[in-house]
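Good morning, and thank you for making time on the agenda. Please bring up the sequence and the structure, and I will then go through the two chains in turn.

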Amino acid sequence: MGGGASTVKPTTVPERLAVNSFRVDEEESHIVVDQELCRTTGSGAAIIAVCPAGVYSEQDGLILVDHAACLECGTCLAVAAPGALTWRYPRGGFGVSFREG
Amino acid sequence: MTSDAAGPDFDVVVVGAGIAGSVTAYRLAERGLSVVLIERGDVPGSKNLSGGVLYGRVLETVFPHYLNEAPVERRITRHVTTFLNADSAVSLDYSADGLAEPGNAVTVLRAKFDPWLAGKAEEAGAFLMPGVRVDSLLTGPGLDGATTVVGVRAGDDELRARVVVAADGVNSFLASSVGLRQKQPTNHLAVGVKAVIRLPRADIESRFGVSGDRGAAHAIVGDCTLGIGGGGFIYTNTESLSLGVVLRLDDLLRSGHTAIEVFEHFTQHPGLQQYLHGGELIEYGSHLVAEGGYPMVGEVAMNGMLVAGESAGLAINSGLTVRGMDLAIGSAIAASDAVVEAVAAGDTSKAGLAGYRRRLDESFVMQDMRTSARAPKFLERNRMYGPYGELIADVLQNAFSLDGTPREHLLNVARHALRRSPLTLRQLISDGWAGVRAL
């Protein structure tokens with residue numbers, strides 16, 4: 001077995017995302033959360049747990065959304081209660097562009 | 001059989017230039033149909049991500065010499081399955097050079113592979129429309145009174161066609177919008193979190209025991225996912241590794257961990273540094289994986305529309321192999337044959353398109369989906385992801401670490417190890433039997 005900490009760099013989500021190619025849609029977000037439903041259904045905690053890009057975070061009981069970081073997998077939508085999350089693909093030409101895939 | 005007055009702009013609109021979409025568009029254009037292939041990414045492949053192993057024999061039926069032509073990475077001749085514990089590992093290592101000729105499994109990077117495939121469709125005469133997000137389906141009443149799909153809407157533009165093929169991916173908003181796909185329970189879905197790391201070719205070959213264009217595929221279960229249902233993978237590309245975890249959503253949510261924590265635990269696992277050390281991350285991505293198997297495949301056809309590939313829930317996680325791309329190709333072959341037949345007959349209603357499901361059922365696609373129908377339930381037995389690896393390692397530890405005390409018969413060692421393990425003999429027999437039946 002090898003030893004010690006990760007030798008794969010970089011090691012944080014923002015650093016990993018910075019390596020990707022994104023064209024951010026500054027005019028509209030493809031993600032909208034319903035704060036009330038996110039709280040009452042537990043969807044807020046669920047989407048924070050499953051998102052690999054750290055798009056969602058919680059501050060003072062509100063779910064914050066960083067749509068620019070989205071990897072467009074749709075996992076959040078799969079775990080959110082109906083109505084708690086409006087999630088669609090970004091407009092054509094926007095969002096992540098994989099160069100490896 | 002479209003009910004619009006304007007008449008169709010194309011015979012077929014294919015939505016999504018992934019593997020299912022591009023193969024469908026290629027085969028339709030080859031047969032002389034007018035086809036538009038709409039892709040939301042700026043270039044095909046730029047929105048597409050997979051773990052990376054394509055079981056590509058079926059692609060040879062469409063492109064006989066694709067291995068010499070397509071941008072594939074390595075031919076997999078070594079499959080390693082590892083139970084990885086916190087500080088020990090037990091592997092099953094299968095290597096056979098015969099797996100390379102003819103090519104069986106190859107690694108691919110979709111941002112490189114998919115443009116080639118979409119290019120084939122274009123060469124055959126399909127009209128590629130990249131950078132366009134389809135927003136909704138155009139529908140109207142059919143002759144039978146049921147909804148009929150007559151085209152797609154993208155922004156202010158409308159495109160009408162005799163048939164729409166929805167190959168818009170695992171989230172298939174198009175199939176959902178007309179009720180062909182329902183929201184899936186979380187135990188039918190997994191999130192794949194993936195990184196591509198650059199590594200010199202010589203390091204890949206020495207670390208994975210491969211050379212030339214040969215490669216290795218490692219499947220890893222156990223502590224690398226913190227015991228969460230699913231597993232990890234490391235695949236060799238030509239000059240990079242594809243690696244990551246696939247986590248069943250119900251179990252991930254139950255665990256209290258985040259997907260990010262599990263991914264980082266995986267990349268930092270001491271047992272994997274021998275493969276990963278020194279690698280430079282060049283991309284980070286994720287993908288939702290359909291793992292529900294056969295029960296997840298619903299209706300695949302309606303008046304004026306077919307659903308292909310992952311959009312139809314076509315994916316198999318058998319525990320040993322994770323497949324989606326080959327099923328996408330198989331469904332594209334069935335879909336394109338059915339569309340050609342329906343257009344020629346002038347009947348693109350659900351009944352006219354019924355040849356799609358029949359061909360799917362007759363092909364390896366549905367046969368394999370049915371064969372693996374028990375795998376999802378089996379893999380939900382969470383003992384797979386922790387105690388087993390520890391039990392086997394415990395037995396082997398006793399067998400291999402000679403400390404001067406007299407050796408016991410291996411069967412006794414196993415008995416003692418089982419006693420220390422949270423597993424019971426009853427569970428062992430039950431899981432063994434279920435495993436044989438499922439896989």
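What share of the contacts in chain A with a separation of 6 or more is accounted for by residues 24 or more positions apart? The share is 67%, where two residues are in contact if their C-beta atoms, placed from the backbone, lie within 7 Å.

A word on conventions. This is a predicted model, in which local features need pLDDT of at least 70 and side-chain atom pairs count only at pLDDT 80 or more, whereas totals for chains, interfaces and linings use all residues. Residues are numbered from 1 along each chain as its sequence is written, while chains are lettered from A and ligands numbered from 1 in the order in which they are written. The model scores ipTM 0.95 and pTM 0.91.

Chain A has four helices and six strands, in the order α-β-β-α-α-β-β-α-β-β from the N terminus. These elements are DSSP runs numbered from the N terminus: helices are H or I with at least four residues, strands E with at least two. Along the principal axes, the C-alpha atoms of chain A fill a box of roughly 45 × 35 × 25 Å. Of its 101 residues, 41% count as buried. By that I mean 20 or more other C-beta atoms within 10 Å of the residue's own; exposed means 12 or fewer, and partly exposed lies in between, with C-beta atoms placed from the backbone.

Two residues of chain A deserve a look. D60(A), in the loop between β3 (56-59) and β4 (62-65), has a positive phi of about 50 degrees although it is not a glycine. E72(A), in the loop between β4 and α4, likewise is a residue other than glycine with a positive phi, near 65 degrees.

Turning to chain B, its secondary structure comes to 15 helices and 19 strands. Of its 439 residues, 54% count as buried. Residues 24 or more positions apart account for 74% of the chain B contacts with a separation of 6 or more. Its C-alpha atoms fill a box of roughly 90 × 45 × 35 Å along the principal axes.

Finally, the interface. The contact takes 40 residues from chain A and 50 residues from chain B. On the chain A side, the elements giving two or more residues are α1 (13-19), α3 (43-50) and α4 (75-79). Thank you.
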